[in-house]
Amino acid sequence: MEIQRKSNLSYQEFMDEHHNPGIPVILTDATKVWKANGLFTPDWFRENYPEKESDVLNMETGKPYKMKEVMDLAEHSSEENLAPYPLTFNISKEIPEMLDLLLPLNLGYAKPNWLESSSFKRGNWGGIIELFVGGPGGKFPYVHKDYYHLSAWINQLYGEKMFTVFPRGQEKFLYATEKNQWRSEVNVFNPDLEKHPEFKHATPISFKVSAGETLYIPFGIWHTAHSLSPTISVAFDQLNSKNFPLFMNDVWNFKKEGSKLKAVAAYLYALASGMGCRLKENF
């Protein structure tokens, strides 16, 4: 499988060639509709949101990193002195004033997205818009699939990242277990083949995503990333009728680990929310 780069793709072409068959793609011009495109730089964030707090704690102080600290860390990161990765901000909650720079959020492609509905937002099943900041050498700590079988949209707005994806069905080679189906045990950046000999049968596909490009990762695709330079990206998830059945399975499986009664309530709420979204699409 090769990850294609495409531009000037119509919505129907995207649906037919990528969404429906579940094939990743890099859209080279999707973020042109955003005011944020070409605007986001470390200096811009230091100037506009210096005191905004990250979701990540400084292990020395026990307090969240602030935006100006995050940008300094990203720009001064190196293989010898790595910045924490990823450093994230919940835009939806912490910097909602930024949302005007990210409209239309669906980029003309990520629709329908049921996570944008008020009912799914109340369920806390994703639906947030996150700012990811990294420095050179920063690696996501593991290969993973997104929880709840959500599809991911990763919009690179500054710098370059190297992504690695694995086709579906490689759980055995990635040493995913029934207990932890979402995370690989293998350090794919430096695999130990004595400990994980089956990994030699895996087929990683690595590629760069540069500023202004958007990576669409359909649900169920294993992926990870590392920054090649100081990087700033915006990511959000997508749920619709395509991944809703698997989403419902996950709602039940996750919630039943606590209380069966709460699992039933969550399942019924999610089911009703999905039915409501489906009805709106048909009218």
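**Close-up 1. Helices H7 and H8 in the predicted model.** Helix H7 spans residues 244–255 and helix H8 residues 260–281; their axes come within 8 Å and cross at roughly 160 degrees. Because angles over 145 degrees count as roughly antiparallel, H7 is roughly antiparallel to H8. The crossing of H7 past H8 is right-handed.

**Close-up 2. Residues in the contact of H7 with H8.** From H7, the residues Phe244, Phe247, Met248, Val251, Trp252 and Lys255 take part. They meet Lys260, Ala263, Val264, Ala266, Tyr267, Ala270, Leu271, Gly274 and Arg278 of H8. By type, this contact has eleven nonpolar residues, one polar and three charged.

**Close-up 3. The largest nonpolar core.** This core has 37 residues, and those touching the most other members are Trp34, Phe40, Phe45, Leu131, Trp153 and Val234. Elements giving two or more residues to the core include helix H1 (11–19), helix H2 (42–48), strand S7 (151–158) and strand S12 (231–238). Helix H3 gives the largest share, four residues. Another core, of 17 residues, lies apart from it, with Val165, Ile217, Ile221 and Ala235 among its members.

**Close-up 4. Surroundings of Phe40.** Beyond its neighbours within four places in sequence, Phe40 is in contact with Phe45, Met98, Leu101, Leu102, Leu157, Tyr158, Ile232 and Val234.

**Close-up 5. Lys63 in a loop.** Lys63 lies between strand S3 (53–57) and strand S4 (64–66). Its relative accessible area is 56%, so Lys63 is exposed. Not counting residues up to four places away in sequence, Lys63 touches Val56, Leu57 and Asn58. Asp43 is 20 residues from Lys63 along the chain, and their C-alpha atoms are separated by 23 Å.

Definitions and conventions. Residues are numbered from 1 along each chain as its sequence is written. This is a predicted model: local features need pLDDT of at least 70, side-chain atom pairs count only at pLDDT 80 or more; totals for chains, interfaces and linings use all residues. Side-chain values use heavy atoms; hydrogens and water are left out. Buried means under 20% relative accessible area, exposed over 50%, partly exposed in between (1.4 Å probe, protein chains only). Contact means heavy atoms within 4.5 Å. A nonpolar core is a set of buried Ala, Val, Leu, Ile, Met, Phe, Trp, Tyr and Cys residues joined through side-chain atoms within 4.5 Å. Axes are lines fitted to C-alpha atoms, for helices over the stretch in contact, and angles run from 0 to 180 degrees between N-to-C directions. Angles under 35 degrees count as roughly parallel, over 145 as roughly antiparallel, 65 to 115 as roughly perpendicular and the rest as oblique. A crossing is left-handed if the near helix is turned anticlockwise from the far one by less than a right angle, and right-handed if clockwise. Ala, Val, Leu, Ile, Met, Phe, Trp, Tyr, Cys and Pro count as nonpolar, Asp, Glu, Lys and Arg as charged, and the others, Gly among them, as polar.
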